[in-house]
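Trainee: I would like to learn how to read a protein model, one feature at a time. Could you show me the structure and walk me through it?

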Amino acid sequence: MDKICGTCEYHTYDPASGDWLCFCDKSDFFTDWTGYNDGCPDWEER
């Protein structure tokens with residue numbers, strides 16, 4: 001499994017915007033829009 005946002009526990013869909021966000025409070029990308037193929041060192045398996 002690739003360690004990319006699309007497979008991360010914290011990659012969360014926002015129905016209001018129709019996009020995905022990072023909800024990992026340890027990540028520098030916390031509450032940022034994240035693409036499926038983006039990644040970061042704080043990735044965690046679902």
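Trainee: Which residues is His 11 in contact with, leaving aside its neighbours within four places in sequence?

Mentor: The general idea is that contact means heavy atoms within 4.5 Å. Here, His 11 is in contact with Cys 5, Gly 6, Trp 20, Leu 21, Thr 34, Gly 35, Tyr 36 and Arg 46, once neighbours within four places in sequence are left aside. Before we go on, two notes on the source: this is a predicted model, where local features need pLDDT of at least 70, side-chain atom pairs count only at pLDDT 80 or more, and totals for chains, interfaces and linings use all residues. Residues are numbered from 1 along each chain as its sequence is written, and side-chain values use heavy atoms, with hydrogens and water left out.

Trainee: What does the side chain of His 11 reach?

Mentor: The side chain of His 11 reaches the backbone oxygen of Cys 5 at 3.2 Å. This belongs with polar contacts: pairs of N or O atoms within 3.5 Å, where within protein one must be able to donate a hydrogen and the other to accept it, and residues adjacent in sequence count only if both atoms are side-chain atoms. Another case is Thr 7, whose side chain makes a polar contact with the side chain of Trp 43 at 3.1 Å. Thr 7 lies in the segment before strand E1 (11-14), and at 16% relative accessibility Thr 7 counts as buried.

Trainee: Trp 43 makes me curious about the inside. Which residues form the largest nonpolar core?

Mentor: A nonpolar core is a set of buried Ala, Val, Leu, Ile, Met, Phe, Trp, Tyr and Cys residues joined through side-chain atoms within 4.5 Å. The largest one here has 5 residues: Cys 8, Tyr 10, Cys 22, Cys 24 and Trp 43. Take Cys 22 from that group: not counting residues up to four places away in sequence, Cys 22 touches Tyr 10, Ser 27, Phe 29, Phe 30, Thr 31, Asp 32 and Thr 34. Over the whole chain, buried residues make up 28% of the 46 residues.

Trainee: How do I read charged pairs?

Mentor: Side chains of opposite charge can pair when their charged atoms come close. A salt bridge is a side-chain nitrogen of Lys or Arg within 4 Å of a carboxyl oxygen of Asp or Glu. The structure holds 1 salt bridge, and in it the side chains of Glu 44 and Lys 26 meet at 2.7 Å, N to O. The pair links distant parts of the chain: Glu 44 and Lys 26 are 18 residues apart, each in the segment after strand E2 (19-22). Glu 44 has 25% relative accessibility, so Glu 44 counts as partly exposed.

Trainee: How many aromatic pairs are there?

Mentor: Rings of Phe, Tyr and Trp (its six-membered ring) pair if their centres lie within 6.5 Å; planes under 30 degrees apart count as stacked, over 60 as edge-to-face and the rest as tilted. The structure holds 2 aromatic pairs. One of them joins Phe 23 and Phe 30, edge-to-face, with 6.4 Å centre to centre and 85° between the planes. Phe 23 counts as partly exposed at 39% relative accessibility, and Phe 30 also counts as partly exposed, at 37%.

Trainee: One last thing: what is the phi of Thr 31 near?

Mentor: Most residues other than glycine have a negative phi. Thr 31 has a positive phi, near 70°. Thr 31 lies in the segment after E2 and is partly exposed, with a relative accessible area of 43%. From Trp 20, Thr 31 is 11 residues away in sequence and 9.5 Å away in space, C-alpha to C-alpha. Trp 20 itself is found in strand E2.

Notes: Buried means under 20% relative accessible area, exposed over 50%, partly exposed in between (1.4 Å probe, protein chains only). Helices (H or I, at least four residues) and strands (E, at least two) are DSSP runs, numbered from the N terminus.
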